[in-house]
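Dear colleague,

Please find below the structure for your review, with its sequence. My findings follow directly after it.

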Amino acid sequence: MKRKSLLWQLFVSLSVVQTVVLFFAFGGLLYLLLDGRNTYISDGVIKTAAQAVRTSPAGLSIEHTERLEDLRRQYPSFWLMVADADGHSARYGNPPSYYTELSQQLAWIGPSEIHAYEERAPYGVRIDVKKVDGRRIHIMTGGASRDDLGRWVAVVSGVVSPIVSVPLILSTLVIAPLLIWRSMAGVRKLAQSAAAIDLSHRAVQLELDTVPREIRPLVAAFNEAIDRLRTTYVARDQFLRDAAHELRLPIAVLMARIDTMPKGPDKALLRADVSRLATLAEQLLDLQRIQAQGVQRTPVNLCEVARDVASDVAPLASAQGYCLEVDAPDDPVWVSAEPLSLGRVVTNLVQNAVVHGGGAGTISLRVVAPNTLRVCDQGPGVAEQDRERIFEPFYRAQTGDPGHGLGLHLALELVRRQNGHITVENLAEGGACFAVTFEALSQPQLPAPEPA
């Protein structure tokens, strides 16, 4: 399902509302103007009158232009009076006597209108001000009022369009989206904060002050859910830590009793099973330890780590039918890492190769300058759909091989906490190859030896 944009929804909703409001405003204004059958003098009459005005140093005059005569024929009672600020005036037609006194003050009256009912149309007057030959001319016309529906639609459109429509359209298309986008800034910042939440940090919560009041209940509920999840994680971590500690003693007792058994295939199988159980307990403890504590990085020689791990796990690999080999240069390959954590990473990768390498072939540890260590086997490799998920805790690919899904996750966490990277790929000749990369050190500053 396509996700809807809140910004787009607000924009469309606002546009629809403004369109409806404009429609009803247009209709309402039209209804009010038509009610009572008021009359109105159009802009065309004023324009025709202004074009007939002539100015001279001696005063004003009105030329009987063809358009003016056509207007007089259309409206027999049409009349026109003009005046300027210098006291000059002129008239055309027969203005009613009741407007004589008003005409004497025409030069001081601004644009205005006097509407009349239909039966008294000649009473309708319109006064406007135009520039003629650079002079300000006050024009008063009457006797040319109209009351048909088409005229009123034009009148309402002329009033509504520039005064209401243009600002409304501009606000809808330009101002409204900008305001909506700005109001959503707090929500965008909130989304970034939510994406960066780490449940291992207990004090981290989403801020309420940066979001609109309507969204605060949702943010508050999210914070409460985070607190509950964090409490659950703490309880789970405590349980795993306690369980791992409690398993140590029975595992040690089992191992001791297995050692007293006579040699045979059963003894080897039992020892392998108990070793896996011991490894699981240690992995659980390591997982809880790295989540509670940081790592202190120091210069570490990858070649030395590879040889030490190979020496430790060689008996296990040999017992499972593998040949273990180390390919490392004679010169040190220095990286910035925590020695114990780095050793655990390599050990977990080798143990993973022992479990999933097919039970035969060679497991190789290869150090590649300047900062990479590769652990490869000759097994079936890792399926494409599993290459990302094998690093998730307790995830096991559908291979039927033993394991608990913690070794690779633990290795990934340890590598990340040392600013390193771990990747996996399938080799062309067969098998999986894990590559671990750390920050390279060209000239490590080793601790100074203590004085004798």
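A crossing of two helices is called left-handed if the near helix is turned anticlockwise from the far one by less than a right angle, and right-handed if clockwise. In this predicted model, helix 10 passes helix 11 in a left-handed crossing.

**Overall composition**

The chain comprises 11 helices and 15 strands. Of its 452 residues, 36% count as buried. The accessible surface amounts to about 27000 Å², and carbon and sulfur atoms hold 57% of that surface. Among contacts with a separation of 6 or more, 66% are between residues 24 or more positions apart.

**Helices 9, 10 and 11**

Helix 10 (residues 339-356) takes part in two helix contacts described here. With helix 11 (residues 407-416), the axes come within 9 Å and cross at roughly 150°. Angles over 145 degrees count as roughly antiparallel, and helix 10 and helix 11 are therefore roughly antiparallel to each other. On the helix 10 side, the contact involves Ser-341, Arg-344, Val-345, Asn-348, Leu-349 and Asn-352; on the helix 11 side, it involves Gly-407, Leu-408, Leu-410, Ala-411, Leu-414 and Val-415. By class, these residues are 7 nonpolar, 4 polar and 1 charged.

With helix 9 (residues 302-319), the axes of helix 10 again come within 9 Å, crossing at roughly 40°. Helix 9 and helix 10 are therefore oblique to each other, and their crossing is right-handed. Helix 9 contributes Leu-302, Val-305, Val-309, Val-313, Leu-316 and Ala-317, which meet Leu-342, Gly-343, Val-346, Thr-347, Val-350, Gln-351 and Val-354 of helix 10. This contact has 10 nonpolar and 3 polar residues, with no charged ones.

As background to the spacing of such contact residues, an α-helix has 3.6 residues a turn, so residues three or four places apart point the same way.

**Helix 2 and its surroundings**

The axes of helix 2 (residues 43-52) and helix 3 (residues 66-74) come within 9 Å and cross at roughly 135°. These two helices are therefore oblique to each other, and helix 2 passes helix 3 in a left-handed crossing. Val-45, Thr-48, Gln-51 and Ala-52 of helix 2 make the contact with Arg-67, Leu-68 and Leu-71 of helix 3. The residues divide by class into 4 nonpolar, 2 polar and 1 charged.

Buried residues in helix 2 are Val-45, Ile-46, Thr-48, Ala-49, Ala-50 and Ala-52. Their cover includes helix 3 together with strand 1 (53-56), strand 2 (59-62), strand 3 (79-84), strand 6 (125-132) and strand 7.

Strand 7 (residues 135-142) holds Thr-141, which counts as buried because its relative accessibility is 0%. Leaving out residues up to four places away in sequence, Thr-141 touches Val-45, Ile-46 and Ala-49, as well as Ile-41, Phe-78, Trp-79, Leu-80, Gly-124, Val-125 and Arg-126.

**Cys-323**

Cys-323 lies in strand 9 (residues 323-327). Its relative accessible area is 42%, so Cys-323 is partly exposed. Apart from neighbours within four places in sequence, Cys-323 is in contact with Gly-361, Thr-362 and Ile-363. The C-alpha atoms of Cys-323 and Ala-360 are separated by 7.8 Å, while the two residues are 37 residues apart along the chain.

Yours sincerely

Key. Residues are numbered from 1 along each chain as its sequence is written. This is a predicted model: local features need pLDDT of at least 70, side-chain atom pairs count only at pLDDT 80 or more; totals for chains, interfaces and linings use all residues. Side-chain values use heavy atoms; hydrogens and water are left out. Axes are lines fitted to C-alpha atoms, for helices over the stretch in contact, and angles run from 0 to 180 degrees between N-to-C directions. Helices (H or I, at least four residues) and strands (E, at least two) are DSSP runs, numbered from the N terminus. Angles under 35 degrees count as roughly parallel, over 145 as roughly antiparallel, 65 to 115 as roughly perpendicular and the rest as oblique. Contact means heavy atoms within 4.5 Å. Ala, Val, Leu, Ile, Met, Phe, Trp, Tyr, Cys and Pro count as nonpolar, Asp, Glu, Lys and Arg as charged, and the others, Gly among them, as polar. Buried means under 20% relative accessible area, exposed over 50%, partly exposed in between (1.4 Å probe, protein chains only). Accessible areas come from the Shrake-Rupley method with a 1.4 Å probe; for residues, only the protein chains shown count as cover.
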